Structure formats: C-alpha cells, structure tokens
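User: Hello! I am new to this structure; could you walk me through a few of its features?

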Amino acid sequence: MLHTTQLYQHVPETRWPIVYSPRYNITFMGLEKLHPFDAGKWGKVINFLKEEKLLSDSMLVEAREASEEDLLVVHTRRYLNELKGNGHERDFMDDKRVYIMDVYNRHIYPGDRFAKQAIRRKVELEWGTEDDEYLDKVGRNIEKSLQEHLPDVVVYNAGTDILEGDRLGGLSISPAGIVKRDELVFRMVRGRHVPILMVTSGGYQKRTARIIADSILNLFGLGLIGPESPSISAQNSDTPLLPAAVP
C-alpha cells in the first residue's frame, strides 16, 4: 500500500547535512526565560556559526517532522507507545546489532535499572569528575568499544550537561574539555572511516550554545567536518555526515 509523505526532500550539493529547524527553540509566553534550561540554545548555536561565517541559511537542511502515519510505515504502534520511558536503551534491549556505550554520573543516571542492562559499555563517573579523568576514560572506552564492535554508523549524543556548574549533571568539565571531547570522538570514529551523526542533546546552562558553536568551529578547523573532508568516507559515499543541530 503506497504511503504519501512530505518527510523526504532533495538536498542540493550546496547544502551541508546540518539539520536545523527554528521550531527546535521552545517558547511559551516568555516563561521559558524563568527556566534554567536555555530553550533557545539551538538557534543561538546556528547564529554563532553564522557570525563566524561558517554557515548561511542556504547551507542548512531544515528538518521536517514525521507524522504518526510516517512512523507507522516502519514501526508498530506498540513500539511508538514504548518510546514514551527510557527510549534508546529499552528499545534496543535485545538487538545485538546496536552497541551502546554510555558515560554518566553514576549517582544520578540511569534510574531505570532495567534499561541499564542494554548498555554494553558502562563508564561510571563520580560527582565532580574533571577534564583529565573524564577525557582519559572517554578515549580508552571508545577505543575498546570500536574494537569490540565496529559499527556501520555512530550516533553521538554530545550532551553539555557535563559542564561545570550544571546542577543536573553534577560533573565539572570545562568548556575546553567539552570541545576536546568532541574532537576526540570525531578523530577516533572518523579515523576508522565510520560516518557519525552528532546530536547536541542536554545541557542546562545559558553558556552551552557558545560552547557547542566553538566545538563545531574546532571540528571544522581540524578538517573533521565539512563538505570536502578528505579523511572520512560515509558508507559508499563521498559526502561525510556532519553534526546535526537537533535536540
């Protein structure tokens, strides 16, 4: 049975695979200004990158929201209902094709003990973990993970809730440490010619947008992202995957 959808679109070669929509930015009668989470951080990231002359509107791919009918083409309704607890871990619990490595403050995450069983490589941290220890553990465990399971694609959840001062994350990673972490992940993954999709994820301080933008600028300056990144191939394609500015 044919299904008509507006989800897919032709992406001209002049555009980078950086996916963004103004609808990512959450507003509600100004009340978002009272919340510690920067609800407009994704728009700020894009604006910072425009100011640095890295991006323009014509280079972005605007995200389109999948309807329930779109999702039901490839998923069961039961699966979609299950997406509402601890999504990726519960959903891939028995799927050996998916390898999950997770780095987290062990005192606050994950509260779902059943879902925790799906994490193949658990990297547990203490309150207040700082740059050196954090980067060492991230690097060593990514290396081991890639040795155990060389993936077809890596989805990199690049949260900034590890930033010092974040009341939810409880760690003490500096802005420079976050930039270095992203560089480390990209070097290790792309060095194996594996495509990577970076999502900006959590981070609950007003300064995270600038840090994310600085990290993307650093990756570009090092040749780890960009339309002509020679060190990387993306699954039988000459076009590498780039970070996606999505929540």
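**A first look around**

Analyst: Happy to! In this predicted model, Arg-210 lies over the face of Phe-48, at 4.4 Å from the ring centre.

User: How many aromatic pairs does a search of the whole structure find?

Analyst: A pair of aromatic rings is described by the distance of the centres and the angle of the planes. Searching the whole structure gives an aromatic pair count of 4.

User: How do the planes of Tyr-20 and Tyr-24 meet, stacked or edge-to-face?

Analyst: Both Tyr-20 and Tyr-24 are buried. Their ring centres are 5.7 Å apart, and the planes stand at 85 degrees; planes over 60 degrees apart count as edge-to-face. The pair is therefore edge-to-face.

User: Which residue of β6 stands opposite Asn-157?

Analyst: Strand β5 covers residues 154-157, and Asn-157 is on its uncovered face together with Val-155. β5 pairs with β6 (residues 196-199) in the parallel sense over 4 bridges. In β6, the residue opposite Asn-157 is Val-199.

User: What handedness does the β-α-β unit have?

Analyst: The unit is made of β5, helix α7 (residues 175-190) and β6. Its handedness is right-handed.

Conventions. Residues are numbered from 1 along each chain as its sequence is written. This is a predicted model: local features need pLDDT of at least 70, side-chain atom pairs count only at pLDDT 80 or more; totals for chains, interfaces and linings use all residues. Side-chain values use heavy atoms; hydrogens and water are left out. Buried means under 20% relative accessible area, exposed over 50%, partly exposed in between (1.4 Å probe, protein chains only). Helices (H or I, at least four residues) and strands (E, at least two) are DSSP runs, numbered from the N terminus. Two strands pair if DSSP finds at least two bridges between them. A crossover is right-handed if, with the strands pointing away from the viewer, the path from the first strand over the helix to the second runs clockwise. Rings of Phe, Tyr and Trp (its six-membered ring) pair if their centres lie within 6.5 Å; planes under 30 degrees apart count as stacked, over 60 as edge-to-face and the rest as tilted. A charge sits over a ring if NZ of Lys or CZ of Arg is within 6 Å of the ring centre and within 35 degrees of the ring normal.
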